[in-house]
Amino acid sequence: MRIAVCPGSFDPITNGHLDIINRASQLFDKVIVLVSYNPNKQSARFSVKERIEMINSVITGFDNVVADCNEGLLADYLERTKACAIVKGLRAVTDFEYEFQMALANRQLCPSAETVFLTTSPKNMYLSSSMVREIASLGGDISDFVPPQICSAIIKRLSPEKGTIKI
Ligand code: PNS
């Protein structure tokens, strides 16, 4: 069985992530959406449990996609699950250097897994979890950016309270 892992912070999962997961599910027998620890992102707005719940609620239509989390090295998780690929979305040249560096490090740590980059769909070029968080926290409409199943949970958590002074 060819298992692929889609790792990320998913704080929260966006339509851009879901597009990559959907396409990966057509290329591999099984896809694990892995909520992973990113040391550069210390202050997540959603707990790991909440992020997994959100992912679970948007992958119900796929019979070969599951959600999981991992606190340690991605390479160790790949070895444990016998995954043959890491699938990542590439949005723009700005993503490339960071992703390239991670792909090389993961290859060194786990030579049995390949990193596969899928180019983002044009409509998601600019989309990121941080953009969704910022728009929601300023009271904007995020319905074009995240799956409908999780839209209200994100707004409930992040939208500004009426009367709050922000600046
Ligand atoms: O969505 P992100 O935050 O850009 O994803 C980055 C992530 C979580 C995939 C990356 O930080 C990661 O793989 N973390 C797990 C720890 C690890 O293996 N670090 C070494 C990567 S070479």
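This is a predicted model: local features need pLDDT of at least 70, side-chain atom pairs count only at pLDDT 80 or more; totals for chains, interfaces and linings use all residues.

**Salt bridges and the sheet**

Let me begin with Asp19, which is buried, its relative accessible area being 13%.

What does Asp19 pair with? Asp19 makes a salt bridge with Arg23, and the closest N and O atoms are 3.0 Å apart. These two residues are 4 residues apart in helix α1, and therefore Asp19 and Arg23 are separated by about one helical turn. Arg23 counts as partly exposed, at 25% relative accessibility. The cut-off for buried is under 20% relative accessible area, so Asp19, at 13%, falls on the buried side of it.

How many salt bridges does the whole structure hold? The search finds 7. I shall discuss two others in some detail.

One of them joins the side chains of Asp11 and Arg133, at 3.6 Å from N to O. This pair links distant parts of the chain, 122 residues apart: Asp11 sits in the loop between β1 and α1, while Arg133 belongs to helix α5, residues 129-137. Asp11 counts as buried, with 6% relative accessibility, whereas Arg133 counts as partly exposed, at 24%. There is also a network of salt bridges here, in which Asp11, Arg51 and Arg133 are linked.

The other salt bridge is between the side chains of Arg157 and Glu50, with an N to O distance of 2.4 Å. Arg157 lies in helix α6, residues 148-158, and Glu50 in helix α2, so this pair ties together parts that are 107 residues apart in sequence. Both residues are partly exposed: Arg157 has a relative accessible area of 35%, and Glu50 has one of 23%.

I turn now to the sheet. In what order do the strands lie? The open sheet is formed by 5 strands in the order β3-β2-β1-β4-β5, and the pairing is parallel. At the edges are β3, residues 65-70, and β5, residues 114-119, each of which pairs on one side only. From one strand to the next, the twist averages 30°.

With β2, strand β1 pairs in the parallel sense over 6 bridges, and Ala4 stands opposite Val31 in β2. To strand β4, residues 85-90, strand β1, residues 3-8, is joined by 2 bridges, and these two strands run parallel. Here Val5 stands opposite Ile86 in β4. Why is β1 described as largely enclosed by the rest of the structure? The reason is that 5 of its 6 residues are buried.

Helix α1, residues 15-27, lies across β1, β2, β3, β4 and β5, and runs at about 125° to β5. Helix α2, residues 48-58, lies across β2 and β3, running at about 170° to β3.

Finally, I come to the surface. Which residues form a nonpolar patch there? They are Val93, Phe96, Phe100 and Leu104, with about 410 Å² of accessible area together. Leu104 is placed in helix α4, residues 93-109, and is partly exposed, with a relative accessible area of 47%.

Thank you for your attention.

Technical notes. Residues are numbered from 1 along each chain as its sequence is written. Side-chain values use heavy atoms; hydrogens and water are left out. Two strands pair if DSSP finds at least two bridges between them. Axes are lines fitted to C-alpha atoms, for helices over the stretch in contact, and angles run from 0 to 180 degrees between N-to-C directions. Contact means heavy atoms within 4.5 Å. Patches are made of residues with over 30% relative accessible area and no salt bridge: like charges are joined within 9 Å, nonpolar side chains (Val, Leu, Ile, Met, Phe, Trp, Tyr) within 5 Å. Accessible areas come from the Shrake-Rupley method with a 1.4 Å probe; for residues, only the protein chains shown count as cover. A salt bridge is a side-chain nitrogen of Lys or Arg within 4 Å of a carboxyl oxygen of Asp or Glu. Buried means under 20% relative accessible area, exposed over 50%, partly exposed in between (1.4 Å probe, protein chains only).
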